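Subject: Structure for your review

Dear colleague,

Please find below the structure I promised to pass on to you. I would be grateful if you could look through it alongside the notes that follow.

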Amino acid sequence: MPIRQSNRCDLVKQSDIRSMTLACAERGGINLAQGVCDLDVPEPVLQGAADAMREGYNVYTRFDGLPELRLAIAEKQRRFQGLNLDPETQIVVSAGATGAFQAACTALLEAGDEVLLFEPYYGYHVSTLRAMDVTPRFVPLHAPDWSFDDAELEAAASPRLRAVVLNTPCNPCGKVFSRAELERVADFCQAHDLFLFTDEIYEHFVYDGLEHVSPACLPGMEERTIAISGASKVFAVTGWRLGWASCHPRWREPIGHFNDLYYVCAPAPLQIGVARGITGLGQEYYHELAEDHGKKRDRFCEALKNAGLAPHVPQGAYYALADISSLPGRDSRERAMHLLERTGVACVPGRAFWHDGAGEGLARFCFAKRWPELNQACERLERLS
Ligand SMILES: Cc1ncc(COP(=O)(O)O)c(C=O)c1O
């Protein structure tokens, strides 16, 4: 038998997000495909990281991160969610939310387990699970309000089901799970003795006066929730690779040890930058962030409407799914390419977010862009009609 790569490589082929980004760059287009937040990094975050290098934060940190950052995260969670996390035993700082999710899944799941995800989903969640030989099961979120059905949730239960993955606010559909919905998911997790992995990376991108509820706050969920978040989006530092998992003290060592194995630690001076950002930025920073993105959402969804691409107006995160079924093409990829050729605006084909054909009439657009670029994208789309 000739030497060959592992079967796992088929699971992590180039994503539609990356390939649309490349196609966009070749054409000099406006990239609304990738979820890169183009905003300025807040000054305390930048200054904190720069100072930290001079102050000597240049060596390995403890496997679960520097105490300054764990303390800052715990205080922030108390301030925003009323959660009482012990920074010594309940937080693992990792290489982004992506690293935290990988370490948590490796520590808590077995090959052959099943894990339930709401659909549309964030592709990395599914690929991470598949690469570990864990089988994803899907429960649909139904448009237009992306609600889920208890009977469909219950039907996904099985003796091999070990966990639920829940992304709120959700990429790509922007759903912000309400407290009542989260309680239904929490009941399901308790009834079937499941972990709940939450991805709360967009926790500060919530519009229309809605509030983000961290599921770990719900009664009975403290021990079984692994809450994942990070600095990538809120401080516009996607390249820093800074995220974290918070959990019951029982899981900190298993998760932390895999974090150590994969990444050793998150970048030390950048941990300090994020810590000083969290402690140095007041409520108004988060308020303005949500307000600015809310305005961008409104402008962009208006442009989609004017272009004849009916949007699903998101409640949170910074993506809009839109109906592209009227564009020529046999599937969402061809339609997205058609849109790129005609307008120079790149989006992600909807098929990236559903395991079957359900996304073929949709595309996802990221509106976390600077105003001039966003306005230009809007004008280009509006010329479609
Ligand atoms: C739902 C979700 N989780 C996680 C991430 C990645 O986070 P990080 O940069 O902290 O790894 C993204 C980025 O797009 C995302 O949309």
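The notes below take up the domains, the contact between them, the ligand and some features of the backbone.

Please bear in mind that this is a predicted model.

Domains and their contact

The protein falls into two parts: domain 1 covers 7-41 together with 284-382, and domain 2 covers 43-280. Taken over C-alpha atoms, the centres of domain 1 and domain 2 are 24 Å apart. Domain 1 contributes 32 residues to the contact, and domain 2 contributes 39.

Between domain 1 and domain 2, about 3100 Å² of area is buried, and carbon and sulfur atoms account for 61% of this. On the domain 1 side, the residues that lose the most area to domain 2 are Val41, Tyr286 and Gln315, which together make up 26% of what that side buries.

As to polar interactions, 16 residue pairs are in polar contact across the interface of domain 1 and domain 2. Two elements, α10 (283-306) and β10 (319-323), each provide at least two residues of the domain 1 side that touches domain 2. Of these, α10 gives the largest share of that side, with seven residues. By class, the side of domain 1 that touches domain 2 consists of 19 nonpolar, seven polar and six charged residues.

One salt bridge is found across the interface of domain 1 and domain 2. Separately listed is a salt bridge between the side chains of aspartate 208 and arginine 297, with an N to O distance of 2.8 Å.

The ligand

There are 13 residues around the ligand, and those that come nearest are Thr98, Asp199, Tyr202, Ser232 and Arg241. For serine 232, a polar side-chain atom is 2.6 Å from an oxygen atom of the ligand. A polar backbone atom of alanine 97 lies 2.7 Å from a ligand oxygen. In asparagine 171, an N or O atom of the side chain is 2.8 Å from an oxygen atom of the ligand.

Backbone features

Asparagine 171 is also joined to proline 172 by a cis peptide bond, with omega about 20°. Proline 172 sits in the loop between β5 (161-167) and α7 (179-191).

A cis peptide bond also runs from alanine 143 to proline 144, with omega near 5°. Proline 144 belongs to the loop between β4 (135-140) and α6 (150-155). Tryptophan 146 is likewise in the loop between β4 and α6. Although tryptophan 146 is not a glycine, its phi is positive, at about 55°.

With kind regards

Technical notes
Residues numbered from 1 in each chain as written. Predicted model: local features only at pLDDT ≥ 70, side-chain atom pairs only at ≥ 80, totals over all residues. Heavy atoms only, no water. Domains from an automatic or database assignment. Contact = heavy atoms within 4.5 Å. Buried area = accessible area lost by both parts, 1.4 Å probe. Salt bridge = Lys/Arg side-chain N within 4 Å of Asp/Glu carboxyl O. Polar contact = N/O pair within 3.5 Å; in protein donor to acceptor, adjacent residues only side chain to side chain. Helix = DSSP H or I, 4+ residues; strand = E, 2+ residues; numbered from the N terminus. Nonpolar A, V, L, I, M, F, W, Y, C, P; charged D, E, K, R; others polar. Near = heavy atom within 4 Å.
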